[in-house]
Amino acid sequence: MAELTNPVIHVTENVTLVTLQDVPADISFVSSIFDKIASYGVNVDMISVTPPQGTRTSLSFTLSDDELEKVLKLSATMQHEPEQLRPIVSSGNYKISIRDPHMENQPGVAARVFEAASKGGADIRIITTSEIQISLLVTAATFDSAYASILQAAKGAQHS
């Protein structure tokens with residue numbers, strides 16, 4: 001990795017990715033979706049919105065596999081509303097998070113993480129970042145090799 005001093009790699013198992021396509025590109029509508037999800041007691045983790053295509057967008061978010069049944073019940077109630085949202089669901093994924101406070105001022109960290117994931121054959125479903133963390137959602141089928149590759153790259157960065 002690009003000059004990380006003390007990266008912490010954390011893994012979360014049993015993560016579901018929910019994608020809603022053709023969602024109105026209106027933040028108040030998006031807010032209402034997350035209000036409804038919260039009303040079911042579901043904690044959402046990673047969130048990604050694609051750039052709008054006209055007046056529509058795609059919205060993806062992750063949650064624990066344990067919460068999937070609640071979200072499916074919610075989506076069934078939403079299919080009777082004017083904006084019929086049908087989720088695309090992928091369960092049993094793993095979230096790999098690489099965190100280092102020094103990442104914020106280090107160009108190239110994302111490139112190194114993505115390169116390591118690629119070498120590990122990662123099937124990446126979603127990526128989210130902050131100034132000090134990069135999180136990748138990978139399928140269960142590619143988790144072991146992707147994780148090993150990222151871990152090896154991180155150890156190599158600490159010794160360089």
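Which residues have the most contacts inside the largest nonpolar core? The points below take up this matter and the surroundings of that core in a predicted model.

1. **Overall layout.** The protein holds four helices and six strands. Read from the N terminus, its elements follow the order β-α-β-β-α-β-α-β-β-α. Along the principal axes, the C-alpha atoms occupy a box of roughly 55 × 30 × 25 Å. Of the 160 residues, 41% are buried. Among contacts with a separation of 6 or more, 75% are between residues 24 or more positions apart. The accessible surface amounts to about 8600 Å², and carbon and sulfur atoms account for 50% of this surface.

2. **The largest core.** The largest nonpolar core has 16 residues, and those with the most contacts inside it are Leu20, Val23, Ile33, Phe34, Ile37, Leu59 and Phe61. At least two residues of this core come from each of strand 1 (8–24), helix 1 (27–39), strand 3 (56–64) and helix 2 (68–78). Helix 1 provides the largest share, five residues.

3. **Phenylalanine 34 and its contacts.** Phe34 is one of the residues with the most contacts inside the largest core. Leaving aside residues up to four places away in sequence, phenylalanine 34 touches Val44, Ile47, Leu59 and Phe61. Of these, Leu59 and Phe61 are also listed among the core residues with the most contacts.

4. **Strand 3 and its partners.** Strand 3 is mostly covered, with seven of its nine residues buried. Strand 1 runs antiparallel to strand 3, and eight bridges join the two. On this side, valine 23 stands opposite threonine 57 of strand 3. Strand 2 (residues 47–49) is likewise antiparallel to strand 3, to which three bridges join it. Here isoleucine 47 has phenylalanine 61 of strand 3 as its bridge partner; Ile47 and Phe61 are both touched by phenylalanine 34.

5. **The hairpin.** Strands 2 and 3 form a hairpin with six residues between them. Within the turn, glycine 54 has a positive phi of about 70°.

6. Asparagine 14 belongs to strand 1 and has a positive phi of about 55° although it is not a glycine. Aspartate 22 also lies in strand 1, and its phi is positive too, at about 60°, although this residue is not a glycine. Is asparagine 14 buried, partly exposed or exposed? Asparagine 14 counts as partly exposed because its relative accessibility is 43%. Aspartate 22, at 47% relative accessibility, is therefore partly exposed as well.

7. Which residues make the nonpolar surface patch of about 210 Å²? The patch is formed by Phe114, Ile124 and Ile127. Isoleucine 124 is found in strand 5, which covers residues 124–129.

Methods:
Residues are numbered from 1 along each chain as its sequence is written. This is a predicted model: local features need pLDDT of at least 70, side-chain atom pairs count only at pLDDT 80 or more; totals for chains, interfaces and linings use all residues. Side-chain values use heavy atoms; hydrogens and water are left out. Patches are made of residues with over 30% relative accessible area and no salt bridge: like charges are joined within 9 Å, nonpolar side chains (Val, Leu, Ile, Met, Phe, Trp, Tyr) within 5 Å. Accessible areas come from the Shrake-Rupley method with a 1.4 Å probe; for residues, only the protein chains shown count as cover. A salt bridge is a side-chain nitrogen of Lys or Arg within 4 Å of a carboxyl oxygen of Asp or Glu. A nonpolar core is a set of buried Ala, Val, Leu, Ile, Met, Phe, Trp, Tyr and Cys residues joined through side-chain atoms within 4.5 Å. Buried means under 20% relative accessible area, exposed over 50%, partly exposed in between (1.4 Å probe, protein chains only). Contact means heavy atoms within 4.5 Å. Two strands pair if DSSP finds at least two bridges between them.
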